[in-house]
Structures are given as structure tokens and as C-alpha cells.
Amino acid sequence: MTEPKTLYETKWLKLQRIGSWDLVRRIHSDACVGILAITPEQEVVLVEQFRIPVQQRVIEIPAGIVGDEEEHEDESVKQTAMRELLEETGFRAGSMELLSSSPTSAGLTAEFTLFYQAGELTREHEGGGVSGEDIKVHRVALSELRDWLGQRENEGMAIDHKIHAALGMAGVSY
């Protein structure tokens, strides 16, 4: 395996080169989680937030970076999924099942996304994320999901494909 050469580094990211290929790495992590959460009422729990890189609001499954903050650097991937779900949506999961692990964007980064399905959900608070995050929580009936996502797209929001990927991995029809 060829050792990467760092071309540029910030507090959070570094640009590296391996051979003739340039890639991006996070300083503190090579993993992130995406969480599929479906309530007992058959509603999928989604989040909406403005994403600076794409300059628009994005509808997504709850997600987070593993070990990127000092207070969470020793956390397991599963613990990160549990914490991120609670922070972003206000739902606590009684169980968290790994669905899949996949490269996030294999031509750009070494990061892997680990998809989890949350079970035994209980609502503890309204969610919204931690300080500095502006996350809006949506609970959407699975039977209305396609139409609801289409409406959000017509309003100018981006729809993250990981919603459909996670539902497919879990074998959920909608």
C-alpha cells in the first residue's frame, strides 16, 4: 500500500495524494453513521438542515461522524449512532442493528458510512442537534414518503439518496 502525501491540511480535513490520485480525509475519523429510524406508527424519522457545501437545505436520515470531537473520540460506532439519533431527532433507540458498511464516496475519500436501523424508539425531546446545528425533524408516514419527498424537492430542497438506500437495506417497502 502506498503511503499518502499530505498536500494541504485544515483543522478538520486534509487533502492527500496517493500516486496520481488526490483524495480528502477527515483529520479525526474515517467513518460516519447513517441511522434509519422508523416509529411504531410506521413513520420514518428524517432531518432537514442547510448544508454549506451544496448551498441548500437537504432532507436526510440522521447521521454523524464517528470520533470527530474530543469528548466522543473513544466512542464505538454503534454508540455514535445512538448518540447522533438522540441529539438530532430526540429519539432514543433501545436497539441499533448494523445494516451495511460502504465507502461514502470511493473516488473522493477513504471514509466509510455504516448504516444502522434503530429499534424500540422512545421520544425524549424535540431534537434539533447540538449547539450550532439547525436541524428540523420530520416524521413522515412510510405510505406518504415518496410524495412527501417529491414535494420537498419541488420546494428546492435536495433529497439525500441514503434515505432510499437505508430503507432498501432494511427491506422496508414504501
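Reader: What relative accessibility does Arg-92 have?
Author: This is a predicted model, in which local features need pLDDT of at least 70 and side-chain atom pairs count only at pLDDT 80 or more, while totals for chains, interfaces and linings use all residues. Residues are numbered from 1 along each chain as its sequence is written, and side-chain values use heavy atoms, with hydrogens and water left out. Buried means under 20% relative accessible area, exposed over 50%, and partly exposed in between (1.4 Å probe, protein chains only). Arg-92 counts as partly exposed because its relative accessibility is 40%.

Reader: Which residue forms a salt bridge with Arg-92?
Author: A salt bridge puts a side-chain nitrogen of Lys or Arg within 4 Å of a carboxyl oxygen of Asp or Glu. Here the closest N and O atoms are 2.4 Å apart. Arg-92 sits in strand β8 (residues 91–103), and its partner is 32 residues away, in the loop between β9 (112–123) and β10; strands (E, at least two residues) and helices (H or I, at least four) are DSSP runs, numbered from the N terminus. That partner is Glu-124.

Reader: How many residues apart in sequence are the parts that Glu-41 and Arg-139 tie together?
Author: Glu-41 is exposed at 51%, whereas Arg-139 is partly exposed at 38%. They form a salt bridge whose closest N and O atoms are 3.6 Å apart. Glu-41 lies in the loop between β4 (31–37) and β5 and Arg-139 in strand β10 (residues 136–141), so the parts tied together are separated in sequence by 98 residues.

Reader: How many residues are in the largest nonpolar core?
Author: In soluble globular proteins, nonpolar side chains tend to be buried together. A nonpolar core is a set of buried Ala, Val, Leu, Ile, Met, Phe, Trp, Tyr and Cys residues joined through side-chain atoms within 4.5 Å. Val-44, Leu-46, Leu-145, Ile-163 and Leu-167 have the most contacts inside the largest one, and β5 (43–51), α2 (145–154) and α3 (162–169) each supply at least two of its residues. The number of residues in this core is 17.

Reader: Which side chain makes a polar contact with the side chain of Asp-160?
Author: Asp-160 is buried, with a relative accessible area of 13%, and lies in the loop between β11 (158–159) and α3. A polar contact is a pair of N or O atoms within 3.5 Å; within protein, one must be able to donate a hydrogen and the other to accept it, and residues adjacent in sequence count only if both atoms are side-chain atoms. At 2.7 Å, the partner is Lys-162.
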